[in-house]
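Please read these notes with the model open beside you. They go point by point.

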Amino acid sequence: MATAAKKAPAKSRSDGKSGLSAPKPAEFTRDEELAAYRHMLLIRRFEEKAGQLYGMGFIGGFCHLYIGQEAVVTGMKMALIEGDQMITAYRDHGHMLAMELSPRGVMAELTGRRGGLSRGKGGSMHMFSKEKHFYGGHGIVGAQVSLGTGLAFANRYRDNNNVSLTYFGDGAANQGQVYESFNMASLWKLPVIYIIENNRYAMGTSVSRSSAETDFSHRGASFKIPGIQVDGMDVRAVKAAGDLAAEWCRAGNGPLILEMQTYRYRGHSMSDPAKYRSKEEVQKMRSEHDPIEQVKARLIEKKWATEDELKAIDKEVRDVVADAAEFAQNDAEPDPSELWTDIVL
Amino acid sequence: MPIEILMPALSPTMEEGNLSKWLKNEGDKVVAGDVIAEIETDKATMEVEAVDEGTLGKILIAAGTEGVKVNTPIAVLLQDGESAADVGKPSAPAKAEAPAKAEAPAAEDKAEATKPAAAPVAAAPKTEIAADPDIPVGTEMVSTTVREALRDAMAEEMRRDGDVFVMGEEVAEYQGAYKITQGLLQEFGPRRVVDTPITEHGFAGVGVGAAMAGLKPIVEFMTFNFAMQAIDQIINSAAKTLYMSGGQMGAPIVFRGPNGAAARVAAQHSQCYAAWYSHIPGLKVVMPYTAADAKGLLKAAIRDPNPIIFLENEILYGQSFDVPKLDDFVLPIGKARIHKTGKDVTIVSFGIGMTYAVKAEAELRGLGIDAEIIDLRTIRPLDLDTIIASVKKTNRLVVVEEGFPQSSVGDHIANQVSQRAFDFLDAPVITIAGKDVPMPYAANLEKLALPNVGEVVEAVKAVTYR
């Protein structure tokens, strides 16, 4: 056994333990820092506005905000090439903005208007864009993991060098079909990056109360899928892990798990008062680990941007969000005939 | 006493098989566990092992005999001290009757098994199948099993479109648990004929994801009972995405496999899902009876851009029907077929339910009742127009299915007919379904749980006031 282990190349572990370790955070150029800042800020401001519109009654149903987790989708997007797919669950507004879906289209879908990305028939949890390779937006916890594995199956079938970014939370990580998917993805060497956004709470249940193995990077051990824990609050760390994972998949090594250690500032959904955690815990994350503040501090420190320049970016972002909100509040509701369209082709 | 070796049943639905080869000769010593013969069913070739010890005294059924009924004596085993001369009693009558059965069984057995494939020339007093307007007049017909028809449909579509692939448990190397995918691995290779682990929820989701990415998966469930594990992906992911995406993205996928009661497999393996899936907007539900419909509709299903539930039946797999010999035989989904025209009563059924309808019709003819039989073929979208046109002519309706009675397909039809053609009805619609009980195992109870021909005959007599 010992000799066999020695012979195995360092990268292709067979013991199920971590054979790969988290890479050092990427060294960002000024442009990359500024782009990351802008993208994360867009998600933050967009979500704040969505929360506001929800409170005003413009947005109905469930609405799950991504505030606090912006570095995860932003860093991962920076590791993608054209044609790579993304799929996630219902905390999806950030993912859609990262995949460059139109803020107007997303916000108008939240308000249930005809200009929404799903023409008002999907809502917050169900939006898609074939053009931008965004495959939803899924309301059933864990279902997107099998679907994302299917996207990777299509990539391998077509031998097209693309990778499926399949996101799910620490809560979904306890669903059975996640492991059914892990098994097939590993068996068939499918190019899928399983990104577990561990924001510490599955709705109101903390990881330690819901999960026997709280190190989610080990969740692929039974399937020989390596995993890495990543500081999901640092966009540079996410980008470096994303690069490594994408390269791993494109080289034909099969799936990889990235556990993104992140945090959501808001409740699970708009109606969640988040009594299961202390205000101090949230405040500590905000003040010490905020993904946007981290980038801002580096930009100022390196003198890559002045306060005024950052304020100008802030204003541009606010304008984009204000325009989206304006559109979403004033756009017409879907025509009643839409009730009967898009059921079957 | 010499021991008779009987033709064994090798699957729950096997009624007969071919004795392909003897591996022992008369006079050979046999111990328990020895392989003595090979038997070929429509699903597989199986070895027959000796259970007792002795000498193979007499072979009663020659190698190469086809259609040997289960429990026919096929050989005689001699115990110590016995000789071929002792074979006398058991062998003589067995010998006389076994080959006779083996020689001419096909026609007889199948007549009993409701073979409705009325070759127009055949003199047999069978139901005259109405011509399917979707098959050009004069088309050459080839007798084909439902099993072969399904396989041919998949093979033809896979040749036609490189995005079509089939995945499921045992579909590749094993050649299909029910041999429906026989030969596909050899022709198309492991990239397109994919054996999955036993993981229905997972591979259904993988199939839907691949379909969202533009491939055209055929997902085989070993039976639809196991699709219960996957029903969330079928309904929440496959059926709803087109709507939820405002028409941007759908799932062109076929979920297929045997559905409903097979034989003696009890409650968890015997359930008809026609009504379940027909409840869901965004799905199409197809349930063919004949081999021609199985072929033409499976080809249509594979080409259809929507998620399709394609419900087959294990008992029908081995039955033969005429299939048109056409290069590209595709039937429309959503169109019922008038199986037999008639004027006194309309009997609507689908899938294996048709076997009851067809047998009942023959009996009813003897009573002077001329029944029209409609084979729905598709449960969703439901071809109500064809049903209603028929009811307007006959003024009487009986619906037959094997599924449970509450919220059944028949209930829905009865409701729609009462709303749309009430004034044309001369009697209440009668729906015949399986009994409202989990499927029992015992042979007699299972028989009681399923619909039967007598019930259909009685229902027709009731609505025609005979």
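1. B:Gly334 counts as partly exposed, because it has 18 C-beta neighbours inside 10 Å. The scale is this: a residue is buried with 20 or more other C-beta atoms within 10 Å of its own, exposed with 12 or fewer, and partly exposed in between, C-beta atoms being placed from the backbone. B:Gly334 sits in the loop between strand S16 (320-324) and strand S17 (337-340) of chain B. Helices (H or I, at least four residues) and strands (E, at least two) are DSSP runs, numbered from the N terminus. Leaving aside neighbours within four places in sequence, B:Gly334 is in contact with B:Thr378, B:Pro381 and B:Asp383. Contact here means C-beta atoms, placed from the backbone, within 7 Å. B:Asp42 is 292 residues from B:Gly334 along the chain, and their C-alpha atoms are separated by 31 Å.

2. A word on the source. This is a predicted model: local features need pLDDT of at least 70, side-chain atom pairs count only at pLDDT 80 or more, and totals for chains, interfaces and linings use all residues. Residues are numbered from 1 along each chain as its sequence is written, while chains are lettered from A and ligands numbered from 1 in the order in which they are written.

3. Chain B has 15 helices and 22 strands. Its radius of gyration is 24 Å, close to the 23 Å that the globule rule gives for 466 residues, so chain B is as compact as a globular protein of that length. The radius is taken over C-alpha atoms, and the rule is 2.2 Å times the number of residues to the power 0.38. The C-alpha trace of chain B spans about 80 × 60 × 45 Å along its principal axes. Of its 466 residues, 53% count as buried. Among contacts in chain B with a separation of 6 or more, 75% are between residues 24 or more positions apart.

4. Chain A has twelve helices and seven strands. Its radius of gyration is 20 Å, close to the 20 Å from the globule rule for 345 residues, so chain A is as compact as a globular protein of that length. Its C-alpha trace spans about 70 × 55 × 40 Å along the principal axes. In chain A, 53% of the 345 residues count as buried.

5. Where do the two chains meet? In the contact set, 35 residues of chain B touch 32 residues of chain A. On the chain B side, H5, helix H6 (231-239) and helix H7 (241-244) each supply at least two residues. H5(B) gives the most, with ten residues.

6. H5(B) deserves a look of its own. At 1.5 Å a residue, its 13 residues (200-212) should span 18 Å, and the end C-alpha atoms are 18 Å apart, which agrees. The expected span is 1.5 Å times one less than the number of residues. H5(B) is mostly covered, with 13 of its 13 residues buried. Just after H5(B), B:Gly214 takes a positive phi of about 110°.

7. H12(A) covers residues 307-330; its 24 residues should span 34 Å at 1.5 Å a residue, and its end C-alpha atoms are 34 Å apart, which agrees. Buried in H12(A) are A:Val317, A:Val321, A:Ala324, A:Ala325 and A:Ala328. An α-helix has 3.6 residues a turn, so residues three or four places apart point the same way. Helix H2 (30-55) and helix H5 (103-110) of chain A are included in what covers the buried residues of H12(A).

8. Now the cores. A nonpolar core is a set of buried Ala, Val, Leu, Ile, Met, Phe, Trp, Tyr and Cys residues joined through C-beta atoms within 7 Å. The largest has 211 residues; A:Ile193, B:Ala274, B:Ile347, B:Val398, B:Val456 and B:Val460 have the most contacts inside it. Helix H9 (residues 235-250) of chain A contributes its largest share, ten residues. Domain 2 (141-324) and domain 3 (335-463) of chain B each give this core at least three residues; the domain bounds come from an automatic or database assignment. A second, separate core of 20 residues includes B:Met7, B:Trp22, B:Ala75 and B:Val76.

9. UniProt places "domain: Lipoyl-binding" (unreviewed entry) at residues 2-78 of chain B. That span is 0% helix and 53% strand, with end C-alpha atoms 5 Å apart. UniProt positions follow the numbering used here, feature names are shortened, and annotations may be inferred rather than shown by experiment.

Conventions. Two residues are in contact if their C-beta atoms, placed from the backbone, lie within 7 Å.
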